[in-house]
Amino acid sequence: MKTIEKILEQLPSSIPENPEDYYGKDGLLYCGKCHTPKEAFFAKGIALMGKNKHPVECCCQRMEREKQEALINRQKHSDLVRRLKAEGFSDPSMLDWTFENDNGRSPQMHHAYRYVEQWQTMRTENLGLLLWGGVGTGKSFLAGCIANALMEQEVPVRMTNFARILNELNGSLSGRNDVVDRLCRYPLLIIDDFGMERGTEYALEQIYNIVDSRYRSRKPLIVTTNLTLDEIRHPQDTAHARIYDRLLEMCVPISCIGVSLRKENAQEKLERLKLLIG
């Protein structure tokens with residue numbers, strides 16, 4: 001004769017919340033929509049508090065939960081990327097420097113794609129890029145594409161120039177070290193238009209400190225410059241020599257020479273204007 005406890009264990013653990021739900025022949029509650037169990041037996045016939053079953057997700061409950069989690073994760077990702085770009089770019093126009101906006105004219109763009117694809121190796125081995133060449137050849141756009149793509153992967157990147165850095169140093173209440181340390185916290189630092197700030201001994205000292213700090217912290221650096229590779233390899237004074245030597249230790253030189261994309265774009269606009277008003 002069955003004991004009262006055994007009888008209680010075999011009774012339904014609860015009244016179905018959904019009128020479509022039902023109990024199967026095995027005594028488990030099933031979802032009336034997807035027809036998968038909403039309950040499962042405890043392992044090895046264990047009973048807790050007089051019950052031998054516990055709630056589980058049916059298929060449609062699990063799908064709904066995963067859908068909601070995916071929405072939340074997408075929103076979190078979107079918010080993080082937006083914050084990274086707000087903090088990482090010194091100029092809002094850099095937000096448009098993306099692979100999606102590439103017009104296909106830069107023969108060096110494959111280097112940018114490759115750098116992003118191999119980011120973990122670049123980071124581990126402290127490998128950066130030195131993008132050199134004439135004005136308007138797409139160096140800054142190429143670097144911006146790398147920055148945007150990595151930030152989309154939730155990698156903090158700072159893209160700025162030494163003029164802005166020097167302004168930060170001069171305006172910092174907490175001191176030079178705080179500015180340098182903040183720049184070194186970014187996994188990737190991109191310095192645009194390097195070499196435009198040639199001048200005072202103080203400026204050159206600060207430039208060296210930034211580059212050297214990245215080198216010592218083993219964090220990669222990407223630099224764009226209008227200087228030629230010959231100028232970088234054969235500087236005219238010691239102050240520039242020690243900066244350039246550090247850069248060449250850290251960065252792979254990539255030649256960005258050829259027709260000025262700015263001039264090409266300007267010519268296209270002029271031709272379109274002639275057609276419109278002709």
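This is a predicted model: local features need pLDDT of at least 70, side-chain atom pairs count only at pLDDT 80 or more; totals for chains, interfaces and linings use all residues.
User: What does the protein average in pLDDT, and what share of the residues score at least 70?

Analyst: The average is 85, and 84% of the residues reach at least 70. Residues 7-12 are below 50, with 9 contacts in the model beyond near neighbours in sequence.

User: What is the overall make-up: how many helices and strands are in the protein, and what percentage of its residues is buried?

Analyst: The protein has 11 helices and 9 strands. Of its 278 residues, 38% are buried. Contacts can also be sorted by separation in sequence. Among those with a separation of 6 or more, 71% join residues 24 or more positions apart.

User: Now helix packing. At what angle do the axes of H3 and H5 cross, and within what distance do they come?

Analyst: Read the angle first, then the direction of the crossing, then the residues that meet. Helix H3 covers residues 109-117 and helix H5 covers residues 139-152; their axes cross at roughly 25° and come within 9 Å. Angles under 35 degrees count as roughly parallel, so H3 is roughly parallel to H5. The crossing of H3 and H5 is right-handed.

User: Which residues of H3 and H5 meet?

Analyst: H3 brings Met-109, Ala-112, Tyr-115 and Val-116, which meet Phe-141, Leu-142, Cys-145, Ile-146, Ala-149 and Leu-150 of H5. By class, this contact has 10 nonpolar residues, no polar ones and no charged ones.

User: At what angle do H6 and H7 pack, and how far apart are their axes?

Analyst: Helix H6 (residues 162-171) packs on helix H7 (residues 176-184) at about 140°, with the axes 8 Å apart. That angle makes H6 oblique to H7, because the roughly antiparallel class takes angles over 145 degrees. The crossing of H6 and H7 is right-handed. On the H6 side the residues are Ile-165, Glu-168 and Leu-169, and on the H7 side Arg-176, Val-179, Arg-182 and Leu-183. The contact of H6 with H7 is made up of 4 nonpolar and 3 charged residues, with no polar ones.

User: Which residues make the contact of H7 with H8, and at what angle do H7 and H8 pack?

Analyst: Helix H8 covers residues 201-216; H7 and H8 pack at about 40°, and their axes are 10 Å apart. H7 and H8 are therefore oblique to each other. Their crossing is right-handed. H7 supplies Arg-176, Val-180, Leu-183 and Cys-184, while H8 supplies Gln-206, Asn-209, Ile-210, Ser-213 and Arg-214. By class, there are 4 nonpolar, 3 polar and 2 charged residues in the contact of H7 with H8.

User: On to the backbone. What is the phi of Asn-126, and is the residue buried or exposed?

Analyst: Most residues other than glycine have a negative phi. Asn-126 has a positive phi, near 55°. The residue sits in the loop between helix H4 (119-124) and strand E5 (128-132). Its relative accessibility is 7%, so Asn-126 counts as buried.

User: Where is Asp-193 found, and what is its phi?

Analyst: Asp-193 is in strand E7, residues 188-194. Its phi is also positive, at about 55°, although Asp-193 is not a glycine. At 32% relative accessibility Asp-193 counts as partly exposed.

User: With which residues is Pro-253 in contact, leaving aside its neighbours within four places in sequence?

Analyst: Pro-253 is in contact with Leu-130, Trp-132, Leu-229 and Leu-248. Pro-253 has its place in strand E9, residues 251-255, and counts as partly exposed at 30% relative accessibility. Between Pro-253 and Val-223 there are 30 residues of separation in sequence and 9.4 Å in space, C-alpha to C-alpha.

Note on methods:
Residues are numbered from 1 along each chain as its sequence is written. Side-chain values use heavy atoms; hydrogens and water are left out. pLDDT is the predictor's confidence in each residue, from 0 to 100. Contact means heavy atoms within 4.5 Å. Axes are lines fitted to C-alpha atoms, for helices over the stretch in contact, and angles run from 0 to 180 degrees between N-to-C directions. Helices (H or I, at least four residues) and strands (E, at least two) are DSSP runs, numbered from the N terminus. Angles under 35 degrees count as roughly parallel, over 145 as roughly antiparallel, 65 to 115 as roughly perpendicular and the rest as oblique. A crossing is left-handed if the near helix is turned anticlockwise from the far one by less than a right angle, and right-handed if clockwise. Ala, Val, Leu, Ile, Met, Phe, Trp, Tyr, Cys and Pro count as nonpolar, Asp, Glu, Lys and Arg as charged, and the others, Gly among them, as polar. Buried means under 20% relative accessible area, exposed over 50%, partly exposed in between (1.4 Å probe, protein chains only).
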